[in-house]
Structure formats: C-alpha cells, structure tokens
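Let's take a walk through this one, from a helix to a sheet strand and on to the ligand. Keep the viewer open as you read.

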Amino acid sequence: MDLSPTPKVISSEKQNSTLFLAIAFGQHGRSTRGLARKSLLLSSISLAILYIEFGVWKGHSIKYFADKYKSASSEFYGFDTFYGFPEKCLSMEKGHYSTAGEMPQLNDVRIKFIKGLFQETLPIFLKKINFETKKKTVLVHFDAPLHSATLFTLFKLSEKFTNYYFIFDQLGTEECRALNNFNESTLSDYDLYFASLWNRAPEVVFGKLKS
Ligand SMILES: C[S@@+](CC[C@H](N)C(=O)[O-])C[C@H]1O[C@@H](n2cnc3c(N)ncnc32)[C@H](O)[C@@H]1O
C-alpha cells in the first residue's frame, strides 16, 4: 500500500505559500530552488500569524519561527509534555526528549508553552482561543512525530480550523500515516507546495489543509 502523499500542487497560492515556504525551509537550511529569497523573508515580517507547534522539546523551532515573524500581533503556542514521548517512538523509548518538565526560557512574550499531553491540553486551548486569534493566518508545525499524537491533533484542530498551512517535520515517519488516515476518513484535501527529500521520499513538507 502506498502511504506517501504525492505533491499535487506546486505553489498555486503564490503569495502566502512562498512566504511560509521560504521560512519553513530556511529553518532546515535546504535549498528551496530559488524561492527562499531574502526579499520574501523580509516581506513576511508584517504578517500576523497564529503559529501552533506540536512537539517543542528545547524550543529551537518555535524560536526560529518567532524570530522570523516579527509582528507584535503574531501568537506562538508550543505544546509538549516536557517529559518526552508518552510512548515508544520508532527506535526511541518513552521519555526520549524529556527536559524533566522544564519549559524553554525564551525572551519573547508572544511565545506561550502549554504543558501536558496534546490529548489533554489541546481541547482546552481550542475552547479558549478568541475571535481575533482565530482570524489570523494559521501555521501548524507537526513535530511530535508519533502516529497517535499527530492523528489526534489533526482531528481536533479540524473542529476549529478548516484551512490552514502546515509543516510536517518528518513526513517520512508516522506523520505520513496519520495525515493519510485523517484525509481518508474526513475526505479532506490538501495542497503540497514543497517537500525536501530524504532518500527520495518527502521529509519536511509544507502545504495547506483544505476541507
Ligand atoms: C522531535 S521533538 C520536538 C523537536 C522540536 N520541535 C525542536 O525544535 O527541536 C518531539 C516532542 O514531541 C513531544 N510529544 C510527543 N507526543 C506528545 C504528546 N502526545 N503530547 C505532548 N507532547 C508530545 C515530546 O515530548 C518531544 O519533546
């Protein structure tokens, strides 16, 4: 059975997608075939986004995105147990990536961390977010990368957001199965704008979910 999503659209929504693309792939220092130009990075600064990250660990990626999106109205929420994986993940044991409950100390008031299992914290968070927050351009960074956690977050988010940009950090892992399960069962669709390749398979993937 082929579980890999095939990029269907390469950048049809030029403006937003190239902005996110440049930023998402800048993080990984990979070539974006000429798209990750400085001008794009600069023009993204004014965009107010709602950035949600599943899997924070020491805060490297959330800091990266907060540094790029400089608008004071942007909001950054990072979800993690801060005690590592709640179950075995690939070759890594339960507890891998633990910071012993410590949350990153980042000097940016726009960044907030939400500690606990996604399955417990995300439903509460989604009930609480206000109208202004919901109106922002949403970028979700999936970096758990467990099947259970990714599938849960995809379903739960779909109750609130129908169209949002996503980054799957390691689609070549269980994230792919979760995305596929989600799309099959909800009949939702997505555009894939860009994927970096690892062993010829998509690895870091940027796109947009559509209901
Ligand atoms: C690969 S690390 C994240 C790396 C991070 N984005 C960075 O910039 O380095 C994955 C994280 O997901 C968290 N995680 C996995 N499943 C989770 C769940 N169900 N609830 C909360 N946190 C979870 C782990 O605790 C771990 O810190």
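**A walk through the model**

Start at Phe-155, which sits in helix H6 (residues 147-158); helices (H or I, at least four residues) and strands (E, at least two) are DSSP runs, numbered from the N terminus. Residues are numbered from 1 along each chain as its sequence is written. Bear in mind that this is a predicted model: local features need pLDDT of at least 70, side-chain atom pairs count only at pLDDT 80 or more, and totals for chains, interfaces and linings use all residues.

Now hop to strand S1 (residues 49-54): 6 of its 6 residues are buried, so the strand is largely enclosed by the rest of the structure. Ile-49, Tyr-51 and Glu-53 point one way, Leu-50, Ile-52 and Phe-54 the other.

S1 runs parallel to S4 (residues 137-142), joined by 6 bridges; strands pair if DSSP finds at least two bridges between them. Glu-53 has His-141 as its bridge partner in S4. S2 is also parallel to S1, with 5 bridges, and there Glu-53 stands opposite Gly-78.

Finally, the ligand: Gly-55, His-60, Ser-61, Tyr-97 and Ala-149 come nearest of the 18 residues around it, where near means a C-beta atom, placed from the backbone, within 6 Å. Helix H3 (60-68) and strand S2 (75-80) each supply at least two residues of that shell.

Conventions
A residue is buried if 20 or more other C-beta atoms lie within 10 Å of its own, exposed if 12 or fewer, and partly exposed in between; C-beta atoms are placed from the backbone.
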